[in-house]
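Dear colleague,

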Amino acid sequence: MSTNYQRAGQLRVNDGHGLGRYDLTTPQKLMIFVLSMALFGLSNIILEIVPDVSIGPFDFSVAYFVFVPLTMAALFAPFWVALGAPLGEIIFTDLLMGDFSGLAEVEGFLQMFLAIYVAGSFIRNPQSRWQITVGALLVVVIDKFLSAAVDLSKVWIGVEDPEYVDGLPESMLFLEGIGFGIDILMSGILFGVIPALWLIPALHGRIEPLMGMRPRVPGEPIPGQAPLSPTFLIAAVVLSIASFFFAFLEAWDLNLGEWEPEFLERYGMNFLWVSVLALVGALILAIVLFRVAQQKDVRNTREAVDNPADPELVNR
């Protein structure tokens, strides 16, 4: 049994007097970042071929598969998952599909980043069903609340005209509330809480060793977690306001960097394979770099153990 595994076991039976903290290596952070990009990007590619269901004036669509980023954020480092997942959506589904809105994409990135970061940090025990449930709902609540606030602000300020639905009251607040509830049901519960309640506990303790990581221990500080401090709250408010700014750029037709050749409309659904191939290529490259870095760390550790008096090997 290795030393690292023994330490992990000691933490599990710790009596609560000073749980340890561990930090991720740069290769591990890179791997988590790319993996979250790839998997969330793939989930959004799948959504491109999933038809929406309409019942009367109500459109029951899935905004995203919440369980995908939530599972990674609950098992790995929330910060790096939150950074990679929305970027994967922008690269593999917006940019490569020819539906890139330029700087306006930053709005969705910031909102999803905050949602995943907070939700992943909330799940301190991956075996806790109530923490997983709340975490899945937090992703949708934070993201869609900020998005609804942006839409309402555009209408109230007068930079956009309201879009009403036949058969429903002509009230933007009512319509946003209906849309918010549908997102909670479809993305938050059906494709969030339900699969996450099974997937996160099932993978906990099994997938982390593949990344060279120690499974998350209840009560132990989480690497890359959102700090519960006034500084973070201020930063979250600033990022939320920034998302409003980038959203208004689109309303003012100031979409710098906009690129919309609409490849799906021109070449059909087969063009999705371009994104899949790009996604697989990025993932393979990340795995190769991760393995090379791991082997280098192992060699450096062995050399440092064999030559403890050499300061260059110890500090390498």
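**The largest pocket**

Sorted by class, the residues that line the largest pocket comprise 23 nonpolar, eight polar and 19 charged ones. Please keep in mind while reading that this is a predicted model. The pocket holds about 1,800 Å³ of space, and its lining is made up of 50 residues, with Ala63, Lys144, Ser147, Asp151 and Asp183 lying nearest the centre. Two or more lining residues come from each of the helices α2 (26-48), α4 (78-95), α5 (105-122), α6 (129-157), α7 (172-203) and α9 (263-267), and also from the strand β2 (58-60). Of these elements, α7 gives the most to the lining, namely eight residues.

**Helix α3 and its two neighbours**

The crossing in which α3 passes α4 is right-handed. On the α3 side the contact is made by Pro69, Met72 and Ala73, and on the α4 side by Pro78, Val81 and Ala85; by class, these are six nonpolar residues, with no polar and no charged ones.

With α7, helix α3 packs at an angle of about 35 degrees, the axes being 9 Å apart, and here too the crossing is right-handed. Phe67, Leu70, Thr71, Ala74 and Leu75 of α3 meet Phe191, Gly192, Pro195, Ala196, Leu199, Ile200 and Leu203 of α7. The residues of this contact divide into 10 nonpolar and two polar, with no charged residue.

**Helices α5 and α6**

The axes of α5 and α6 lie 8 Å apart, and the two helices pack at an angle of about 160 degrees, so that they are roughly antiparallel to each other. As α5 passes α6, the crossing is right-handed. From α5 the contact draws on Glu107, Gln111, Met112, Leu114, Ala115, Val118, Ala119 and Phe122, while α6 brings Trp130, Gln131, Val134, Gly135, Leu138, Val139, Ile142, Asp143, Leu146, Ser147 and Val150. In terms of class, the contact of α5 with α6 has 13 nonpolar, four polar and two charged residues.

With best wishes

How values were computed: Residues are numbered from 1 along each chain as its sequence is written. This is a predicted model: local features need pLDDT of at least 70, side-chain atom pairs count only at pLDDT 80 or more; totals for chains, interfaces and linings use all residues. Side-chain values use heavy atoms; hydrogens and water are left out. On a 1 Å grid over the protein atoms alone, a cavity is a set of points where a 1.4 Å probe fits but cannot get out, and a pocket is an open set with protein on both sides within 12 Å along at least five of seven lines; lining residues have an atom within 4 Å of a point. Grid points are joined across faces, edges and corners, and a volume is the space filled by probe spheres set on the points. Helices (H or I, at least four residues) and strands (E, at least two) are DSSP runs, numbered from the N terminus. Ala, Val, Leu, Ile, Met, Phe, Trp, Tyr, Cys and Pro count as nonpolar, Asp, Glu, Lys and Arg as charged, and the others, Gly among them, as polar. A crossing is left-handed if the near helix is turned anticlockwise from the far one by less than a right angle, and right-handed if clockwise. Contact means heavy atoms within 4.5 Å. Axes are lines fitted to C-alpha atoms, for helices over the stretch in contact, and angles run from 0 to 180 degrees between N-to-C directions. Angles under 35 degrees count as roughly parallel, over 145 as roughly antiparallel, 65 to 115 as roughly perpendicular and the rest as oblique.
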